[in-house]
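Reader: I'd like to learn how to read the features of this model one by one. Show me the structure, and let's start with the backbone.

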Amino acid sequence: MKRILFKFGLGILVVLALFSCKQRNQQQAETNEFLGSESCRECHEKFYQLWSPSYHGQAMMPINAAFVAKHQLPNSQPIAAEGKMYEVSFGDSTMTLLEKKDGKLLNSFQIIWALGGHNVYCFLTPMDKGKLQTIPLAYDANRKSWFNYPESAVRHFVEGVEEDEALPWRDAMYTFNTGCYSCHISQLSTNFDLDAETYHTTWREAGINCETCHGPAGEHVRIFKNLKEGEKAPEDIGLIVTSTFTQEQHNASCSPCHAKMNPITPSYMPGDKYFDNYNVTTLEDRDFFADGRDLGENYTLTGWMMNKCVQESELHCVTCHTSSGRDRNKDNPNQACLGCHNNRTEDLETHTGHKAKDGLTCLSCHMPKREFVGNFLRSDHSFRPPMPEATIRFGSPNACNQCHSDKTPQWANEIVKKRPNGNYQEETLKWAQLIKEARENDWTNIDKMYDYIKTGKPNEVVTTSFIRLLGNCQLDSKWDVLMVALNSESELVRSAAAYGLSGNTSEEVKEALLKACQDEIRLVRIQAVNAILIFESTRFTAEQQKIIDKAEAEYVTSMTSRADNWSNHYNLGIYHQNKGDADAALNSYETAARLYPESIMPLINSSVLYSYVGNQAKAEENLKKVLAFDPENEAANMNLGLLLAEQGRMEEAEIALKDALKASSDKNAVAAKNLSVLVAQHGDFAGAVKYAAIAAESRPEDPDYKYTLAYYQMQNGDKSASVKTLNQLIKSHPEFLSATSFLADIYYRDGNKDMAIKLYKDALKVEGISEQDKDELQQAIASLQQSL
């Protein structure tokens, strides 16, 4: 299937590139304008000369005679993509993409911008509706060769759970205005016209300029232009001064372009709190291996937040990198580590297990480079040591075998385990195994997961990942654990816990979410209000409603700040649906699907809502759109099966539900139960038992599924199996009195009235049953005794 980037977050997260520094508001733009990097040059020539040739300064470059002459890229060989052949050719000042089929020229595209160049050059061509599109060919600056850019982005899922396929190069995910723009240009405005689906994008300057980190320079320039000779500069120089930043502020100011995230505000200014402006992806996402190593391009922050050096010291991004992105320790890479770990200086050979002549540095083992999308090289910023056993278990990379590629992970693991501290992998392996299980909806070891969440160990990324993965867990035991996590010191953990409490409407949760709606961090507030909006408004006082309204306004802003982002409209649809406004919800879902036709969830959600409002034809149409794109989609097949069954189209419903069950590897309890009902209707009670058994095994916590199994076992003439199932059910769920009544009826029909009476009397002792239930049990006992 095609790769669609569905993620967690405010309903759903689509990974987009991030917002560069923009105006806080219109008033600031009017009083303190952006002037561009040239305005800095007069006074800061040295820094300008350091910045201008840097990878930040040249993050985006115009294609002109200067570019062609300087970079000397060769014409490309023909490269296949989507059944056509593509070539790039150069003129003295131009670049052109040629699209051919069977040797005939179909189209030519003028290339007007280049991105990057550190490891890979990508190129942009103008398209309709104001779009700049990434062309299908990119240039590997290290290997000196051209390659198919979309195909290089395919994920090779080692666990074999998912398949991946390259997106078409014209897909919206490769549209510059939608994706990569704001980490390559400065002071951008998308100027997106939603009705016309057209961009009128503008920016102040190509590349990441001085004002991206220091804010608008207008006031700063005015101050110093008007400063008289000999006059002391004022304390407030009219700029953001990064030299005064805390560790948190330094990390936050780099993270907008170095994180896999989604924005929750229209703008960010360096110095602001990161989680007041963004949410970040953690290990619930399969772009990470279960042990947290990168599988896809994840831009550094998630791994950085797992870094013990960051957690236990004042280390931050600018400790090792200059503001233009250079490595401060390029000529002496060990110096970055030995400032703190100077005990390794004298005995580096013992520590590494390698001779000095091998040329290893600290970075070789603790920051190995990985290659993404052709030859984008990224260093592992978690600083963790090599873990070959994680390679064996989860398929993740390790530094040992990246160097010793001719050896096996088992070979490396044996060597590691023989070292004095050879057990250092164990803790990571424990929580990584739990991540793997949770991704597969295996909750066998959920108590161990709970322990990690309650203690917050080993770090906030792992804890957040567990909480987000619990969104797929149906066990009520999770609620108490999430309540504990809601009081975590980590704002990321608190935000995940608040979102995770969605669906629980107890009084205790209500009070906790109200408190979270007043949290100091915006991300926590909007995730809390997202969860609290499903509560009946009558449960809140006027003062409490004011708290909710204030957080709700922030929540709506988080979904309306990017009109071109389909996932924002999808989230808005969920919001309107929870508010009971079906028309607004459907409009948002349809807008999301219109902006990105390959988006599946808006179509699925809208189909459910269309069915609810009585428009079955539109519900069926949207589900079939999903299945045309992804025939094996579990949710679409299941919802279509239920919809068709409601219309009495039983044969079609059965086919759809079987497809849903197949897609879920026999773990879709709803599809299985409904199949048991369908096949029973035409007398296939053996089939009904088979499907009911699948449902009961998939959802042991729900007594209704086991009850259904017992019923069809009885219908199939297997009374002993039915009795056994009912006894198991009564033992595990004594409060489920339907099972008691069913089993008592079987005993009664067999003439064993004493056993039936005993069942009812035992049920009377069950804690928590209602007075009405007790009355009915007493009546049943009296009736049986009278019949005796």
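Author: Helices (H or I, at least four residues) and strands (E, at least two) are DSSP runs, numbered from the N terminus. Keep in mind that this is a predicted model, where local features need pLDDT of at least 70 and side-chain atom pairs count only at pLDDT 80 or more, while totals for chains, interfaces and linings use all residues. Residues are numbered from 1 along each chain as its sequence is written, and side-chain values use heavy atoms, with hydrogens and water left out.

Reader: Which residue does the cis peptide bond join to Pro458?

Author: That's Lys457, and omega of the bond is about 0°.

Reader: On to cysteines. How many disulfides does the structure hold?

Author: The general idea is a distance test: a disulfide is a pair of cysteine sulfur atoms within 2.5 Å. The structure holds one, made by Cys183 and Cys257 with their sulfur atoms 2.5 Å apart. The pair links distant parts of the chain, 74 residues apart. Cys183 sits in the loop between helix H5 (149–152) and strand E11 (185–189), and Cys257 in the loop between helix H8 (247–254) and strand E15 (261–263).

Reader: Why is the disulfide of Cys183 and Cys257 left-handed?

Author: The torsion about its S-S bond is about -105°, so this disulfide is left-handed. The two ends are worth checking for accessibility too: Cys183 is buried at 16%, whereas Cys257 is partly exposed at 25%.

Reader: Let's do helix packing. At what angle do the axes of H26 and H27 cross?

Author: Axes are lines fitted to C-alpha atoms, for helices over the stretch in contact, and angles run from 0 to 180 degrees between N-to-C directions. Helix H26 (residues 566–578) and helix H27 (residues 582–595) cross at roughly 165°, and their axes come within 7 Å. H26 and H27 are therefore roughly antiparallel (angles under 35 degrees count as roughly parallel, over 145 as roughly antiparallel, 65 to 115 as roughly perpendicular and the rest as oblique). Their crossing is left-handed, meaning the near helix is turned anticlockwise from the far one by less than a right angle; clockwise would be right-handed.

Reader: Which residues make the contact between H26 and H27?

Author: Contact means heavy atoms within 4.5 Å. Among them are Trp566, Tyr570 and Ile574 of H26, along with Ala585, Tyr589 and Leu595 of H27. By class, this contact has nine nonpolar, six polar and no charged residues. For the classes, Ala, Val, Leu, Ile, Met, Phe, Trp, Tyr, Cys and Pro count as nonpolar, Asp, Glu, Lys and Arg as charged, and the others, Gly among them, as polar.

Reader: How far apart are the axes of H31 and H32?

Author: They're 9 Å apart, and helix H31 (residues 650–663) packs against helix H32 (residues 669–681) at about 145°. This crossing is left-handed. The residues in contact include Met650, Leu657 and Leu661 of H31 and Ala671, Leu675 and Leu678 of H32. The class count here is 10 nonpolar, two polar and two charged residues. Arg649 lies in the loop between helix H30 (634–646) and H31. It touches Glu620, Lys624 and Leu644, leaving aside residues up to four places away in sequence, and at 25% it is partly exposed.

Notes: Buried means under 20% relative accessible area, exposed over 50%, partly exposed in between (1.4 Å probe, protein chains only).
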